[in-house]
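Please look over the sequence and the structure shown here. The text below walks through them part by part.

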Number of protein chains: 2
Amino acid sequence: MSTATVSRVLAGSDLVRENLRLRVLDSIEALGYIPNQIGRSLRRQTTNIIGLVVTDIQNPFFTSILRGVQDVFQEQELVVLTANSDENPKKEFLHLQILLSQGVRGLIFAPARLDYQGFEHLFKGMSVVAIDRTPLNINVDSVVVDNVAGAKAATQHLIDLGHRRIGFIAGISTVTTGQDRLKGYLEAIKEAGLPKNDGLIQDGLFLQQGGYKAMKKLIDLKVPPTAVVSSNNLMSLGAVQAIHERCIKIPDEIAIVGFDDMPWASFLQPPLTVIAQPTYEIGRRAALLLLERFENPEIPARKLVLETKLIIRASTALNPCVN
Amino acid sequence: MSTATVSRVLAGSDLVRENLRLRVLDSIEALGYIPNQIGRSLRRQTTNIIGLVVTDIQNPFFTSILRGVQDVFQEQELVVLTANSDENPKKEFLHLQILLSQGVRGLIFAPARLDYQGFEHLFKGMSVVAIDRTPLNINVDSVVVDNVAGAKAATQHLIDLGHRRIGFIAGISTVTTGQDRLKGYLEAIKEAGLPKNDGLIQDGLFLQQGGYKAMKKLIDLKVPPTAVVSSNNLMSLGAVQAIHERCIKIPDEIAIVGFDDMPWASFLQPPLTVIAQPTYEIGRRAALLLLERFENPEIPARKLVLETKLIIRASTALNPCVN
DNA sequence: CTGTTAGCGCTTTCAA
DNA sequence: TTGAAAGCGCTAACAG
């Protein structure tokens with residue numbers, strides 16, 4: 001039999017007579033033949049690989065997104081090639097180039113930079129979905145959450161509990177999540193008629209160590225805040241660490257709301273009140289958007305904005321186990 | 001100029017005259033040319049992709065390993081294609097096939113099954129390193145930790161603190177980690193002259209929900225244990241969850257030691273005593289082993305056994321913040 | 001229905 | 001020192 005016939009059988013073509021088809025299948029079985037995707041890709045001028053670039057694969061936020069992405073693509077026999085940019089625009093560019101040279105079918109990425117002017121040609125002809133952050137000056141689909149509303153809700157929750165001095169641990173100011181969450185905080189402060197106080201805003205760079213240092217600075221203020229909003233999960237952990245080190249009581253002496261839930265947020269000391277993001281759903285929707293774009297490359301770029309949710313736990317309320 | 005010349009320039013061949021070389025480089029720059037890895041791979045009959053199959057990409061144990069793997073390969077311009085087996089041998093087989101058909105240069109995987117008899121031909125001619133667990137009946141390199149010693153040390157620690165009724169939350173009995181950790185527990189029990197009590201051993205399947213259920217069963221025993229060893233990190237979280245729900249005090253009413261550390265283990269309620277595994281190092285060493293095998297495919301299979309470390313925190317000691 | 005053939009982009013002889 | 005040409009494994013167009 002010819003290679004063409006084998007190819008047809010594997011493609012499920014109905015142009016092959018049944019008994020030959022079976023003979024082909026038998027041989028495949030007997031020889032343990034696995035089709036070479038490289039030859040196929042070269043011929044078809046496309047692969048079954050989806051590129052995914054995240055800024056921190058160790059952050060459960062992104063692993064949960066990854067899971068959502070994989071669950072969708074697995075059914076489509078597409079595999080996911082993951083790369084880490086570590087929030088470094090240069091590293092991101094390198095990884096994008098590598099993935100593109102692998103001939104990825106499509107690309108999902110969490111932008112490590114704000115502005116992609118001059119990068120248009122890099123993405124030329126490629127199906128791309130941005131997640132978590134909105135990239136400027138490239139025309140791609142995106143899936144994000146309403147970060148302004150989320151941070152505002154976090155801050156408002158503390159205001160509702162009677163707090164008047166509320167600290168904020170900011171993320172990276174050069175990406176939209178960092179900017180929008182700060183904006184949400186400021187809006188809530190302003191609407192409540194509280195004065196803006198720059199000393200109450202400390203940078204944490206979206207890192208645990210950053211959150212730790214920022215929290216220390218807040219604690220060491222002449223008049224420390226009675227409550228804090230931390231604008232991502234790793235910084236929340238760092239903040240809690242700093243608070244524990246000083247043996248300060250949460251929420252009695254200081255209350256804290258984190259941005260982004262974690263599977264173990266309930267087991268932290270104390271269980272953490274958070275703004276939860278629909279992480280799995282972000283990944284799933286991004287993957288679906290990509291699949292739609294494969295079908296119809298010409299549709300205009302879409303932007304999906306998902307909602308966040310305030311989950312109140314003991315870090316801003318009484319612990320039910322305490323009597 | 002010919003494609004051959006371009007290829008030579010990119011390969012750094014010194015057979016190209018300097019001024020032509022510069023002209024090639026200029027054109028590459030001007031056209032934004034990125035070499036097509038697919039054509040290259042087809043010609044070279046190998047890729048620059050490393051396959052990595054883990055059993056749970058959401059478990060920080062594996063993301064830390066992944067980071068170790070990536071850090072090594074990044075310098076070698078090798079990319080990592082990650083797949084999830086979800087502890088499912090069938091899914092594992094599928095993913096191995098997919099990765100192999102992508103023409104991966106080498107393979108690192110955490111075995112989802114115990115015995116790989118009959119799989120020899122699948123790995124034929126492929127450089128493979130097993131991590132975390134030791135696969136039976138295939139001759140591949142592996143990097144594991146001393147699970148028996150680790151579980152024994154965990155149990156011994158509790159015995160040293162005076163505990164006589166020590167529960168054990170077991171993992172999956174069909175992989176070596178599950179078996180060895182149980183073995184270590186039993187050895188410690190035996191050496192201390194404590195009776196073996198099957199009711200004190202509950203299965204948790206390496207899942208958070210499993211740890212939760214197992215812990216509930218232990219709590220509900222007529223005579224509950226005064227201490228528990230949980231044989232992986234997710235089950236530890238589940239166990240802590242179950243304990244909290246009953247408002248039982250750790251470590252006063254029940255002490256707990258987990259297997260495998262987590263970046264946030266110190267911030268849990270209470271901070272968790274654990275047997276830490278050198279996760280990053282497991283990934284790094286596995287990657288290095290693979291690189292060595294690329295260089296020298298004929299060397300006999302090596303098995304690296306790394307050490308675990310007991311980290312004592314408040315779940316088996318007094319909390320320093322309590323007076 | 002099935003086989004023959006061209007060519008995807010690259011690297012590596014071989015020839016000049 | 002450079003170019004021409006073959007061929008990696010596959011699929012799709014074409015021929016039979």
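Why does Leu182(A) count as buried? Leu182(A) has 21 C-beta neighbours inside 10 Å, so it counts as buried. The term has cut-offs: a residue is buried if 20 or more other C-beta atoms lie within 10 Å of its own, exposed if 12 or fewer, and partly exposed in between, with C-beta atoms placed from the backbone.

This is a predicted model: local features need pLDDT of at least 70, side-chain atom pairs count only at pLDDT 80 or more, and totals for chains, interfaces and linings use all residues. Residues are numbered from 1 along each chain as its sequence is written, while chains are lettered from A and ligands numbered from 1 in the order in which they are written.

Stay with Leu182(A) for a moment. Leu182(A) sits in helix α8 (residues 176-191) of chain A. Helices (H or I, at least four residues) and strands (E, at least two) are DSSP runs, numbered from the N terminus. Leaving aside residues up to four places away in sequence, Leu182(A) touches Phe168(A) and Ala170(A). Touching, or contact, means that the C-beta atoms of two residues, placed from the backbone, lie within 7 Å. Val144(A) is 38 residues from Leu182(A) along the chain, and their C-alpha atoms are separated by 16 Å.

Now step back to chain A as a whole. Chain A has 323 residues, and 51% of them count as buried. Its secondary structure comes to 11 helices and 12 strands. The C-alpha trace of chain A spans about 85 × 50 × 30 Å along its principal axes. Take the contacts in chain A between residues at least 6 apart in sequence: 71% of them join residues at least 24 apart.

Next, a pair of helices. Two packed helices are described by the angle between their axes and the distance between the axes. In chain A, helix α4 (residues 60-75) packs against helix α11 (residues 279-295) at an angle of about 40°, with the axes 7 Å apart. The axes are lines fitted to C-alpha atoms, for helices over the stretch in contact, and angles run from 0 to 180 degrees between N-to-C directions. That angle makes α4(A) oblique to α11(A). Angles under 35 degrees count as roughly parallel, over 145 as roughly antiparallel, 65 to 115 as roughly perpendicular and the rest as oblique. The crossing of α4(A) past α11(A) is right-handed. A crossing is right-handed if the near helix is turned clockwise from the far one by less than a right angle, and left-handed if anticlockwise. Among the α4(A) residues in this contact are Phe61(A), Ile65(A) and Val69(A), and the α11(A) residues include Ile282(A), Ala286(A) and Leu288(A). By class, the contact of α4(A) with α11(A) has 11 nonpolar, four polar and four charged residues. Here Ala, Val, Leu, Ile, Met, Phe, Trp, Tyr, Cys and Pro count as nonpolar, Asp, Glu, Lys and Arg as charged, and the others, Gly among them, as polar.

Chains A and B also meet. The contact takes 40 residues from chain A and 40 residues from chain B. On the chain B side, the largest share comes from α4(B), with six residues. That side divides into 20 nonpolar, 19 polar and one charged.

Turn to the DNA. A residue is near a strand if its C-beta atom, placed from the backbone, lies within 6 Å of it. There are 24 residues around DNA strand C, and Ala4(A), Ala4(B), Ser7(B), Asn36(B) and Gly39(B) come nearest. By class, this surface has 11 nonpolar, seven polar and six charged residues. Around DNA strand D there are 23 residues, and Ser7(A), Asn36(A), Gly39(A), Arg17(B) and Leu20(B) come nearest. Helix α3(A) gives the most to the surface near DNA strand D, with five residues.

Finally, check the backbone. Most residues other than glycine have a negative phi, and most peptide bonds are trans. The bond from Ile250(A) to Pro251(A) is cis, with omega near 0°. Pro251(A) lies in the loop between α10 (233-245) and β9 (255-259) of chain A. In chain B, the bond from Ile250(B) to Pro251(B) is cis, with omega near 0°. Asp260(A) has a positive phi, near 85°. Its place is the loop between β9 and β10 (273-276) of chain A. Asp260(A) counts as buried because it has 25 C-beta neighbours inside 10 Å. Phi of Asp260(B) is near 85°.
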